[in-house]
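Here is a friendly briefing to read alongside the model. Have the viewer open and follow along.

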Amino acid sequence: MAILQAKDVKKHFGGLKVLTGVTFSVGEMEKLAIIGPNGAGKTTLFNIVSGKFPATSGKVEFCSRDVSGDSSYRRSRLGMARSFQITNIFQKLSVIDNVLAGVRSRAGLRHHLLKCPHKDRKLIERSEAILDRVGLLDYRDTPAQDLAYGQQRALELGVTLSMDPRLILLDEPTAGMSRQETNDAIEMIQRVTRDIACVIIEHDMNVIFSLADRIAVLHYGTILACDAPDVIRSDQRVKDAYLGEETQ
Amino acid sequence: MMSSGRMQRYGLLLFFGFGALIAMPWVLGGYTLRLLTESIIFSLYAVSYNMLLGYAGLLSFGHAMFFGVGAFATTVALEHIAGLPLLLAVTMATAFTALVGLVVGILLLRVKGTPFALLTLAFNALFFSIGIKWTAVTGGDDGAIVNVPDINIGLIRLNLFDGPTVYFVTLAVVGSVIAFCWYFTRTAMGQSVLLIRENEERMRFLGYNTHVSRLILFVFSGSLAGLAGAFYAVLHGFVSLDAVSIAMTTKVLLMTFIGGIGHFVGPVLGAVFYTYFQNFISELTDSWPLIMGVLFIAMVLWTPGGLAGMIQSAAAWIAGRKASDGAPAEER
Amino acid sequence: MILDVCNMHSYYGKSHVLQGVDLALASGEMACLLGRNGVGKSTTLKSIMGLVKPREGTIRFKEGDIQGCQPYEIARRGLGYVPEERRIFKSLTVYENLLIGVKKPSGESSGQVWTVERIFESFPRLEERRNLMGGYLSGGEQQMLTIARTLMGNPELILVDEPTEGLAPLVAEAVLEMLATISATGIAILLVEQNYKAALKLAQGFFIMSKGRIVFQGDGKALLEAEEVRQKYLEV
Amino acid sequence: ADTIKLAVMEPLSGTFKDIGDRYLEGVQYAAEVLNANGGINGQQVEVIPVDSELKPAIATTKATKLILTKGVKYFCGGTGSSVAGAMEVLAQKHSLIFYTYGMAAASLTGEKCSPNFFRVCANTDTHSAALATWVASKGFKKVACIAQDYSFGKEATAGFVNKLKELNPDAEVVAQILHPIGTKDFAPYVSQIINSGAEVVFTSNWGSDLTLLLKQAKPLGLKAKFACYYLNDDYAITAVSNDEAVIGSVGAEVYMLTIPGTANEKFIEGFKKSKGYYPTWLRGKAYLATMMWAEAVKKAGSVDVDAVRTAWEGLSYDGLAGTWTMRACDHQVQQPVWTAEVVAKNPFFKHAYVGPATMVAPEKINVPCEATGCKGLAK
Amino acid sequence: MSEAFVFFLHGLAYAGLLFLVSSGLTLVFGMMNVLNFAHAAFYMLGAYLAFSIMQFSGSFLLAMVISPLVLLALGAIVEKFLLRRVHSGGHVYELLLTFGLAYVIQEAVKFIWGTTPQAIVVSGLLADTVNLFGVTYPVYRLFIFGLALTVGLAMALILYRTRVGIIVRAAVDDSEMVGALGINVPFFFMGVYAAGAALSAFAGAVAGPLLSVFPGMAEAILIDAFVVIVVGGMGSLGGAVLASFIIGELQSFGVLWFPKFSLALIYMLMALVLILKPEGLLGEKQ
Ligand SMILES: Nc1ncnc2c1ncn2[C@@H]1O[C@H](COP(=O)(O)OP(=O)(O)OP(=O)(O)O)[C@@H](O)[C@H]1O
Ligand SMILES: Nc1ncnc2c1ncn2[C@@H]1O[C@H](COP(=O)(O)OP(=O)(O)OP(=O)(O)O)[C@@H](O)[C@H]1O
Ligand SMILES: CC(C)C[C@H](N)C(=O)O
Ligand SMILES: [Mg+2]
Ligand SMILES: [Mg+2]
């Protein structure tokens with residue numbers, strides 16, 4: 001049973017054909033990695049799947065429902081969450097308020113004119129639980145901008161999780177991290193995505209091979225190959241196009 | 001969260017503040033009381049403006065269009081519907097302004113930032129030129145007299161020509177609306193607006209329809225300005241095109257800014273200060289706009305937090321520590 | 001020595017990030033600055049470039065004192081900077097991004113002058129994207145552009161901050177090779193890199209930083225031999 | 001004894017400061033003359049200038065202050081019908097008198113007439129009628145009208161057209177143009193007037209709308225003369241700065257420097273001596289109106305508002321511009337309006353200025369009380 | 001036919017004036033992303049200076065040259081000592097500052113020159129008329145159009161044929177990085193702002209003889225200039241040219257064809273553009 005399906009997605013920017021027909025699916029609780037050269041269209045694909053902008057043609061189905069025409073806020077209400085390649089949190093707000101934003105959205109407290117989310121114990125508790133999961137509970141009231149880079153990435157993940165999603169899209173979650181931090185991040189991602197589906201973009205093969213159930217290789221706008229990690233690792237086409245010989 | 005000691009302090013402050021406001025008619029002279037009444041009305045106007053500027057980060061140069069619509073709608077309602085109770089007329093005017101705000105908002109919120117600022121200005125000019133032409137409603141350049149009826153509460157009739165009466169009515173209605181605005185900033189809706197200013201894209205990916213949020217806020221802020229306009233008409237018993245002029249927008253901008261954007265009480269302070277200060281210096285010199293201008297520039301350059309910011313840092317200095325209020329709504 | 005940094009101290013507000021950095025680079029040399037996250041590598045580059053004002057120490061470039069100069073003055077003397085965040089001009093096209101970088105070679109021109117044509121020869125991908133807005137480029141493309149933009153200024157020394165971050169393995173390799181080629185034309189390079197294994201193949205000199213100080217200095221061989229240092233400051 | 005306080009509500013800052021200043025100078029000179037002659041009923045007159053900023057709300061706020069803190073009962077003003085409208089409300093509420101020497105909208109003494117409001121100047125009906133009389137007397141057949149697109153401009157044009165039809169049924173209005181206030185480029189309008197073949201152009205424009213119209217019309221080839229509300233003004237003529245563009249056109253007003261008679265000569269001399277400039281245009285109007293108010297106070301023998309009101313109603317005042325009579329039914333003064341052509345040579349200025357003034361008698365231009373729309377002044 | 005031609009000429013002349021007036025605004029907005037509210041005040045100051053220089057020297061040419069130069073210096077000072085200080089606070093503060101500045105200049109002008117309207121009188125050829133395809137037309141109106149054309153071309157050359165344009169646009173994105181590439185960014189910003197002020201003053205000097213010089217002239221022109229840049233697309237030079245032309249002709253033919261709506265036409269145009277293309281005719285999408 002696939003939770004997410006993309007069918008023949010195409011994206012043209014003017015004359016530039018970035019995606020020329022991408023089809024893939026993600027199963028319930030599956031971890032799919034997307035790799036590919038720079039400029040292959042990975043982030044573009046994320047943008048289409050998450051509804052940041054529409055595809056030129058093709059279809060995106062989420063939970064067996066066609067969401068192609070839906071805007072990003074609708075998709076996220078359905079249980080799709082994404083993180084960003086560049087850290088994208090509420091810099092001036094405290095850590096808990098960052099997470100609370102998603103938690104109350106989940107609870108349907110978006111435009112309520114009378115209720116004060118800051119007073120709602122249940123929401124606060126839920127937010128704290130999420131902070132605990134990403135290891136930021138100690139920084140509860142710190143403004144996000146005062147966090148170290150690695151912690152900001154963790155918060156980015158926390159905000160993504162705050163919607164209690166069924167699928168999360170992670171765009172280069174470990175970019176700019178040292179080996180040590182990267183390893184911590186892998187562990188955390190493994191922990192928090194245990195019972196949800198996940199699509200992840202990465203250039204760090206170490207991350208990919210530790211997390212992914214399946215790997216899709218995006219090249220020149222299409223999926224060149226999509227298979228288990230071991231198969232991909234030994235695929236000559238993938239080596240030529242992307243990995244080079246330096247694979248660990 | 002506020003500690004209970006702090007709660008108590010706030011409560012005490014509120015209590016005395018309120019008591020002082022009630023006592024005003026016995027303390028102040030007729031004229032100063034009238035200025036105070038006007039300050040309260042302008043406070044609401046400025047608070048509504050600050051909802052856009054301070055909370056949503058929308059810089060508008062067209063707020064007077066709502067103020068004016070509210071004022072003229074009240075006038076027209078009172079003139080054409082015989083026996084219409086005053087507060088009902090004010091409510092109708094506010095609702096009508098909300099409607100206007102909706103239409104304008106749908107058009108204008110398609111752009112952001114500086115283009116938005118510019119377009120609001122152009123719309124303000126548009127409203128003004130409609131006002132000049134639509135003499136049936138506005139009386140054109142001559143303005144229109146407002147037939148302010150007495151308010152009937154059971155056996156009591158309140159005549160709004162009377163200074164203290166109009167003061168109390170304004171204080172009750174406008175004051176409670178201002179209080180509601182304060183509450184609004186802490187509600188889910190108020191907080192969402194704040195977050196959208198911080199990072200709109202993220203909000204969309206958290207399931208918020210940010211366009212709708214912004215539109216709701218715009219309409220809300222507009223209708224509050226309309227309410228302020230309605231009371232302005234009632235207070236003066238007369239409305240002219242001034243009420244929709246760009247000068248009226250300038251005024252709210254100066255008030256809000258001098259008071260301090262981003263602080264809830266800033267605009268209130270600003271409105272009171274502006275009203276009294278202008279009254280004071282315009283008596284000393286005809287070139288008072290020059291002084292206002294220089295003061296304003298000095299504020300922009302050196303104390304961008306406005307009066308509220310100054311008071312806050314002074315308080316922090318006295319307390320010997322940095323004021324750190326837990327509520328995110330108060331920071332900028 | 002083309003660059004000579006002596007006892008440099010830099011702060012962000014109250015936090016004392018660089019605590020006396022000493023560093024020197026010969027003309028035409030390619031050196032690599034290594035170290036864990038947050039030890040102050042980027043801050044070192046920014047301090048040299050004048051983007052962060054060091055509070056103490058001397059920085060000499062080509063025998064001239066550049067400490068306290070404005071970034072544009074430093075750049076005009078022949079220093080180039082490739083920032084970690086890339087900082088492509090989003091609303092300018094690729095071509096315009098390159099034009100911004102144009103600067104007459106300072107001092108005696110070393111070898112060929114960089115032109116747009118020469119850049120496009122070296123980075124064909126950029127030529128394909130010539131008229132695209134910088135903001136729409138993919139991460140890798142942006143990285144190429146930011147290096148190319150710096151080259152347009154014909155610098156004598158380039159400070160490059162983590163150029164392979166976010167790049168596909170093949171491209172990362174290509175970029176590093178690119179740097180080697182540039183270095184071969186006589187331009188000195190100070191490179192910040194996480195992946196020291198890759199850097200070993202390219203650079204002549206190595207510096208390791210920890211907590212705002214240089215804790216190791218030597219050539220590739222010395223680094224390979226200093227097992228303990230590597231363990232302590234670089235590896236997991 | 002106490003002084004009699006008279007507050008002058010004028011724009012004393014901002015774009016219209018010049019107009020406000022001139023009115024104020026007229027009132028101040030009147031007070032000077034009165035005080036030099038022992039005041040009114042022995043009481044000195046104290047003039048309190050109030051900057052109305054041309055904003056009704058500001059004006060009423062400041063007026064309220066004067067009423068509540070200083071007990072001022074007499075107010076006057078000449079600029080901005082909207083200020084008058086707001087002041088009327090205030091005058092009712094606090095029972096005081098407001099008189100105007102400049103606000104021209106006919107409706108102020110028409111539908112909106114009020115017991116506390118006196119108009120001591122021409123209104124759009126009489127002012128237009130005087131110009132229509134001049135146009136009719138010259139026998140022009142094709143007439144164009146151009147006015148600012150707001151109530152004042154429309155009322156003025158309507159008044160003119162009606163009177164002209166009455167006086168000379170042969171005359172044809174070949175163009176009737178309304179343009180936005182503050183128009184910068186009059187070329188398209190001028191071309192329309194040229195195309196209409198008009199021999200004379202009526203305009204009630206003032207401020208930059210008057211000067212730009214005159215200034216731009218000439219180079220575009222418009223030969224027709226203008227019949228203007230406010231061309232008797234040195235201020236407008238210097239702003240045009242092109243004598244050829246104004247010579248031969250005509251202005252109309254209730255006071256002019258060139259009104260014949262020794263009384264006027266003496267007044268001009270005294271004024272010039274005291275102030276250093278001529279009592280052109282607005283200054284003279286404000287002076288005369290204030291003198292008439294003083295007459296009323298004298299006649300009442302007290303400063304009581306009701307007494308003064310009663311005394312003023314029906315009062316005749318023979319100043320230097322003919323006899324002015326305050327009509328009781330609507331508080332609109334009945335007075336002659338003077339017209340004069342602009343000529344190159346004049347004793348006052350180097351530039352062109354109005355020549356000898358001709359009187360248009362009140363009877364010829366008056367609108368009967370029943371036709372004004374005033375429903376009576378019962379308090 | 002000849003009637004339409006005359007109205008077309010009217011439109012051109014007014015379009016020329018509109019473009020001159022909005023060029024400085026477009027420049028400063030397009031380059032610095034600052035909506036310069038003081039623009040109209042500079043325009044007014046330029047006109048008054050031109051008036052004084054005319055009185056003093058009698059040469060209009062001199063007035064047209066010196067007045068912008070004075071404003072060039074003033075613009076540089078304003079940028080260096082005021083605007084630059086609030087830059088880090090974001091656009092809101094820049095807008096507020098220029099807004100306050102406009103207020104102060106306006107009052108200062110009244111203080112110095114008084115409130116009486118003044119006239120700049122040109123003589124000789126400029127005051128004459130020419131025969132153009134059978135139509136007698138004032139030279140000065142054609143002169144304005146010619147000047148607008150010249151200014152437009154010069155701006156286009158500088159912005160698109162030199163590096164100045166892209167440098168300043170890049171500096172809006174990330175001025176620190178531009179500095180690190182060897183460019184003296186503060187100097188460029190100062191130059192752009194000063195040039196904007198000079199252009200405004202030039203427009204003021206040129207408008208002087210056609211319109212009069214009076215304290216309300218700034219307010220009168222501000223909204224028009226804003227409408228031009230809204231319709232054209234904020235910061236777009238081509239947009240300003242196009243919008244000036246459309247609005248100029250619309251004003252002129254509007255009087256001929258829809259005399260009742262001549263003012264409303266402009267706003268209707270603006271509303272239409274806003275609905276169909278919120279970023280303006282030639283503006284870039286946000
Ligand atoms: N809005 C746009 N307009 C035009 N071209 C675009 C736009 N957005 C992206 N592109 C182009 O589409 C291609 C794919 O970009 P994308 O960001 O999806 O790459 P990516 O696979 O995520 O690369 P990386 O790994 O470097 O982040 C790039 O060549 C980019 O230049
Ligand atoms: N703008 C800033 N304000 C305050 N602190 C900062 C700022 N930039 C960096 N820091 C802090 O200074 C320290 C050194 O940062 P720097 O960016 O130089 O590290 P780095 O060695 O380049 O790390 P990385 O490998 O992550 O790029 C870090 O602890 C960082 O948190
Ligand atoms: C000063 C006058 C020319 C003003 C004009 N009479 C008006 O009522 O607005
Ligand atoms: Mg990407
Ligand atoms: Mg770094």
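Which helix gives the largest share of the shell around ligand 2? That share, three residues, comes from helix α1 (residues 41–49) of chain C; helices here are DSSP runs of H or I with at least four residues, strands are E runs of at least two, and both are numbered from the N terminus.

This is a predicted model, where local features need pLDDT of at least 70, side-chain atom pairs count only at pLDDT 80 or more, and totals for chains, interfaces and linings use all residues. Residues are numbered from 1 along each chain as its sequence is written, chains are lettered from A and ligands numbered from 1 in the order in which they are written, and side-chain values use heavy atoms, with hydrogens and water left out.

**Ligand 2, on chain C**

- Around ligand 2 there are 13 residues, and those that come nearest are C:Asn37, C:Gly38, C:Lys41, C:Ser42 and C:Thr43; a residue is near a molecule if one of its heavy atoms lies within 4 Å of it.
- Oxygen atoms of ligand 2 make polar contacts (pairs of N or O atoms within 3.5 Å): a polar side-chain atom of C:Ser42 is 2.5 Å away from one, and a polar backbone atom of C:Lys41 is 2.8 Å away from one.
- C:Glu84 also takes part, with a polar side-chain atom 2.9 Å from an oxygen atom of ligand 2.
- On its own ligand 2 exposes 630 Å², of which the protein buries 63%; accessible areas come from the Shrake-Rupley method with a 1.4 Å probe.
- The shell around ligand 2 holds three nonpolar, six polar and four charged residues, where Ala, Val, Leu, Ile, Met, Phe, Trp, Tyr, Cys and Pro count as nonpolar, Asp, Glu, Lys and Arg as charged, and the others, Gly among them, as polar.

**Ligand 1, between two chains**

- Ligand 1 sits between chains A and C.
- It is surrounded by 22 residues, the closest being A:Asn38, A:Gly39, A:Lys42, A:Thr43 and A:Thr44.
- From chain A, polar backbone atoms approach oxygen atoms of ligand 1: one of A:Lys42 at 2.7 Å and one of A:Gly39 at 2.8 Å.
- From chain C, a polar side-chain atom of C:Ser138 is 3.3 Å from an oxygen atom of ligand 1.
- Ligand 1 taken alone exposes 640 Å², and the protein buries 92% of that.
- Two or more residues of the shell around ligand 1 come from each of β2 (16–27) and α1 (42–50) of chain A and α6 (139–151) of chain C.
- By class, the shell around ligand 1 has seven nonpolar, 10 polar and five charged residues.

**Ligand 3, on chain D**

- The residues surrounding ligand 3 are D:Ile19, D:Ser81, D:Gly102, D:Tyr150, D:Trp206 and D:Tyr230.
- A nitrogen atom of ligand 3 lies 3.2 Å from an N or O atom in the side chain of D:Tyr230.
- Of the 290 Å² of accessible area that ligand 3 has on its own, the protein covers 98%.
- Four nonpolar, two polar and no charged residues make up the shell around ligand 3.

**A helix pair in chain B**

- Helix α4 (residues 86–108) and helix α10 (residues 210–236) of chain B cross at roughly 140°, with axes that come within 7 Å; axes are lines fitted to C-alpha atoms over the stretch in contact, and angles run from 0 to 180 degrees between N-to-C directions.
- Residues in the contact include B:Val90, B:Ala98 and B:Gly101 of α4(B) and B:Phe218, B:Gly222 and B:Gly226 of α10(B); contact means heavy atoms within 4.5 Å.
- This contact of α4(B) with α10(B) has 14 nonpolar, seven polar and no charged residues.

**Chains**

- Six pairs of chains touch, and chains A and B have the most contacts among them.
- Chains B and C do not touch, with nearest C-alpha atoms 16 Å apart.
- Chains C and D do not touch either, and their nearest C-alpha atoms are 37 Å apart.

Key. Polar contact = N/O pair within 3.5 Å; in protein donor to acceptor, adjacent residues only side chain to side chain.
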